[in-house]
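Q: I have a structure open here and would like to go through its inside and its surface. Can we start with what counts as a cavity?

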Amino acid sequence: MAPKHDNCCSRCIGFLIAIGLTALFLWLSLRVDEPKCYLDYIYVPALNKTLNSSSNSTHNKNATIVFALKLANENKDKGIQYDDVLLSFRVFESVNTTRPLGNATVERFYQGHKKKATKRGNFTVGGGGGNLTAALDGKVWYRVDYATAVKYKIIFWYTKRHRLWGGANVEIGELGTKVNRKAVRLGGKNPVVIESSASKLSGRYRAPLLLPFAYLLACGLS
């Protein structure tokens with residue numbers, strides 16, 4: 001009888017190990033990492049002070065904003081299907097007050113695993129945008145936010161949609177481009193407390209603005 005008992009125990013242990021390995025495989029397969037979104041480039045001609053004086057008046061009237069968005073999918077074996085990526089640009093008029101400049105849209109696209117994508121675009125600030133060069137303590141700060149939804153491709157099927165949004169404060173220099181040459185992460189942290197000067201504006205936070213709610217409403221109506 002002892003051999004039968006040992007054989008039964010071995011089968012039970014083998015079954016439990018198989019169940020554990022299956023559960024681990026499923027967990028690793030279903031676990032996903034959110035894509036990271038960066039503002040890779042921004043150019044505001046109206047803020048470029050290096051242009052010669054004869055063309056300054058023309059460029060000061062240029063209400064165009066050019067940008068490049070970089071998105072990184074760090075998942076090893078999962079692709080990502082993006083909905084339209086909605087972007088909102090604002091300029092700081094005080095340490096805690098912004099004025100809208102305009103919006104832009106990056107059309108939906110698919111991104112393979114371990115891939116990076118750069119999406120370029122531009123838009124013209126309308127008459128309601130007002131002054132693009134508003135300075136705060138001698139510096140110009142823009143607020144850039146994004147909102148989108150993604151589905152992760154796991155083998156042959158897609159997950160449900162996951163809502164993503166975030167933003168960052170960006171200092172614009174005398175060349176009309178961002179002061180920080182590195183790509184700026186449009187992150188998802190809680191709001192920071194701005195104490196007294198524009199130097200406190202460099203924090204990132206998940207945007208508690210109208211853009212995410214407008215996006216959710218649009219998705220609900222579509």
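A: A cavity is a set of grid points where a 1.4 Å probe fits but cannot get out. Its volume is the space filled by probe spheres set on those points. Keep in mind that this is a predicted model.

Q: OK. How many cavities of 30 Å³ or more turn up in the whole structure?

A: The search finds one. About 40 Å³ of space lies in the largest cavity.

Q: Which residues line the largest cavity?

A: Its lining is made up of Pro 35, Lys 36, Cys 37, Leu 71, Tyr 82, Tyr 146, Thr 148 and Leu 164. Strand E1 (36–48) and strand E8 (140–154) are the elements that give two or more residues to that lining.

Q: And by class, what is the lining of the largest cavity?

A: Six residues are nonpolar, one is polar and one is charged. Pro, Leu, Tyr and Cys count as nonpolar and Lys as charged.

Q: Lys 36 is on that list. Which residue does Lys 36 form a salt bridge with?

A: Lys 36 pairs with Glu 74, and the closest N and O atoms are 3.6 Å apart. The two come from distant parts of the chain, 38 residues apart: Lys 36 sits in strand E1, and Glu 74 in the loop between strand E2 (64–72) and strand E3 (78–82).

Q: Is Lys 36 buried, exposed or partly exposed, and what about Glu 74?

A: Lys 36 counts as partly exposed because its relative accessibility is 26%. Glu 74 is partly exposed as well, with a relative accessible area of 38%. Partly exposed here is the range between under 20% for buried and over 50% for exposed.

Q: How many salt bridges are there in the whole structure?

A: Six. One of them joins Arg 161 and Asp 83, with 2.9 Å between the closest N and O atoms. Those two lie 78 residues apart, Arg 161 in the loop between E9 and strand E10 (162–172) and Asp 83 in the loop between E3 and strand E4 (85–94).

Q: Buried or exposed, for Asp 83?

A: Asp 83 is at 6% relative accessibility, so it counts as buried.

Q: What does Asp 145 pair with?

A: The side chains of Asp 145 and Arg 143 form a salt bridge, at 3.0 Å from N to O. Both Asp 145 and Arg 143 are buried.

Q: Switching to the outside. Which residues form a nonpolar patch on the surface?

A: Ile 155, Phe 156 and Trp 157 do, and together they have about 420 Å² of accessible area.

Q: Where is Phe 156, and why does Phe 156 count as exposed?

A: Phe 156 is in the loop between E8 and strand E9 (157–158). Its relative accessibility is 76%, which is why Phe 156 counts as exposed.

Q: And Ile 155, where does that lie?

A: Ile 155 lies in the loop between E8 and E9. Ile 155 is exposed too, at 56% relative accessibility. Its backbone has a positive phi of about 60°, although Ile 155 is not a glycine.

Q: What about the phi of Lys 114?

A: Lys 114 has a positive phi of about 55° and is not a glycine. The residue belongs to the loop between strand E6 (109–111) and strand E7 (116–124). With a relative accessible area of 52%, Lys 114 is exposed.

Q: Back inside. Where is Leu 69, and is Leu 69 buried or exposed?

A: Leu 69 is in strand E2. Leu 69 is buried, with a relative accessible area of 0%. Between the C-alpha atoms of Leu 69 and Arg 120 the separation is 6.2 Å, and the two residues are 51 apart along the chain.

Q: Last one: where is Glu 34 found?

A: In the loop between helix H1 (2–30) and E1. Glu 34 is partly exposed, with a relative accessible area of 46%. Its C-alpha atom is separated by 9.4 Å from that of Ile 80, 46 residues apart along the chain.

Technical notes
Residues are numbered from 1 along each chain as its sequence is written. This is a predicted model: local features need pLDDT of at least 70, side-chain atom pairs count only at pLDDT 80 or more; totals for chains, interfaces and linings use all residues. Side-chain values use heavy atoms; hydrogens and water are left out. On a 1 Å grid over the protein atoms alone, a cavity is a set of points where a 1.4 Å probe fits but cannot get out, and a pocket is an open set with protein on both sides within 12 Å along at least five of seven lines; lining residues have an atom within 4 Å of a point. Helices (H or I, at least four residues) and strands (E, at least two) are DSSP runs, numbered from the N terminus. Patches are made of residues with over 30% relative accessible area and no salt bridge: like charges are joined within 9 Å, nonpolar side chains (Val, Leu, Ile, Met, Phe, Trp, Tyr) within 5 Å. Accessible areas come from the Shrake-Rupley method with a 1.4 Å probe; for residues, only the protein chains shown count as cover. A salt bridge is a side-chain nitrogen of Lys or Arg within 4 Å of a carboxyl oxygen of Asp or Glu. Buried means under 20% relative accessible area, exposed over 50%, partly exposed in between (1.4 Å probe, protein chains only).
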